[in-house]
Amino acid sequence: MKKKESKISTMKKCAVLLAAAMLLATGCGKEDEKTIGGSVQNMEPVDLTSGAGEGGASEDGEAAGEGQQDGGAQEGQQDSGQGGAASGAGYQFTAKGATIEMDADAAPILEQLGEPVSYFEAASCAFEGLDKTYTYNGFELDTYPTGDKDYVSAVVLKDDSVATQEGICIGDSRDKVLQAYPDGGTEECGMIIYRKGGMKLVFILKEEEVASIEYRSTVLE
C-alpha cells in the first residue's frame, strides 16, 4: 500500500512541476510583450533536481556546485548589481564561432552571432527591464536584465542541426547521453539533469530519445 501511495505521490509531483513549467513559459507582464521578426515560443526551465540520483552525484560535488552558484553568479548579481558572473566552469555551447556560457554578458555574444531569425521580449518577472529571446537556426538564446546589461540565462537547442560540445543532439538516445556524460547526472520525470559551475544542462526525453536540450543559469532560482 505504501509503495502504491509513493508512486502516486511521485506522479503528482511530476505533474505539478511540469504544470508550473508551462505556467512559467507564458511569462508575466502580458501587456508589455513585444514580438519582432516572428513568433517565438519561450520555454522556461524545469528544475527537478533533488539530490544525488542515478548518475551518482556526490554530496561534495553538489556542495561544490552550490558554492559556485553562491560565490559566483549570485554574488555577482547581489553585490555588484550587474548580473551573474560567467565562471567558465560550466557546460558551454558553441555556435557561429561564439562560445556561449550562462551568466555571460550577452552583448558580445549577440554581436558575434549576428542577426537572429526572430526576436521576442517581455517584461521580466524577476528584474527591472526586459527578458529577451533571440532565435537562430537550430537554437534559441535567452537573456535577463540586470543594471544596464543583459546576461545569458538559457540556450535551448531546437533541432539536430546543432549539438552540445560533447556531441549530443536532439534525436540521440538516452544511452548515448549517459555515455557522453557518465558522471553527476540525476534523472527525474523524463529528464536527465547535470549541474556544473552555477548552471545546469537538461536533456528532456521522450520515449528514450532526446526531445530537447537546455543550458540554464541557476542565478534566478
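Helices (H or I, at least four residues) and strands (E, at least two) are taken here as DSSP runs, numbered from the N terminus. The model is a predicted one, so local features need pLDDT of at least 70 and side-chain atom pairs count only at pLDDT 80 or more, while totals for chains, interfaces and linings use all residues. Residues are numbered from 1 along each chain as its sequence is written, and side-chain values use heavy atoms, with hydrogens and water left out.

Backbone angles come up first. Most residues other than glycine have a negative phi. As for accessibility, buried means under 20% relative accessible area, exposed over 50%, and partly exposed in between (1.4 Å probe, protein chains only). Glu207 is exposed at 73%, whereas Asp103 is buried at 3%.

Asp172 is another loop residue, found between strand E7 (149-157) and helix H4 (174-180). Its relative accessibility is 11%, so Asp172 counts as buried. The side chain of Asp172 reaches the backbone nitrogen of Cys169 at 2.9 Å. Leaving aside residues up to four places away in sequence, Asp172 touches Gly167, Glu208, Glu209 and Val210, where contact means heavy atoms within 4.5 Å.

Then there are the rings. Rings of Phe, Tyr and Trp (its six-membered ring) pair if their centres lie within 6.5 Å, with planes under 30 degrees apart counted as stacked, over 60 as edge-to-face and the rest as tilted. By that rule, a search of the whole structure finds 11 aromatic pairs. One of them is Phe127 with Tyr144, stacked at 5.5 Å centre to centre and 25° between the planes. This pair links distant parts of the chain, 17 residues apart: Phe127 is in the loop between strand E4 (118-123) and strand E5 (130-136), and Tyr144 is in strand E6 (residues 139-146). Both Phe127 and Tyr144 are buried.

Tyr181 and Tyr194 make a tilted pair, 5.2 Å centre to centre with 40° between the planes. Tyr181 sits in the loop between H4 and strand E8 (186-188) and Tyr194 in strand E9 (residues 191-196), so the pair ties together parts 13 residues apart in sequence. Tyr181 is buried at 4%, and Tyr194 is buried at 2%. Tyr91, Tyr181, Tyr194 and Phe203 form one aromatic cluster.

Methods: Polar contact = N/O pair within 3.5 Å; in protein donor to acceptor, adjacent residues only side chain to side chain.
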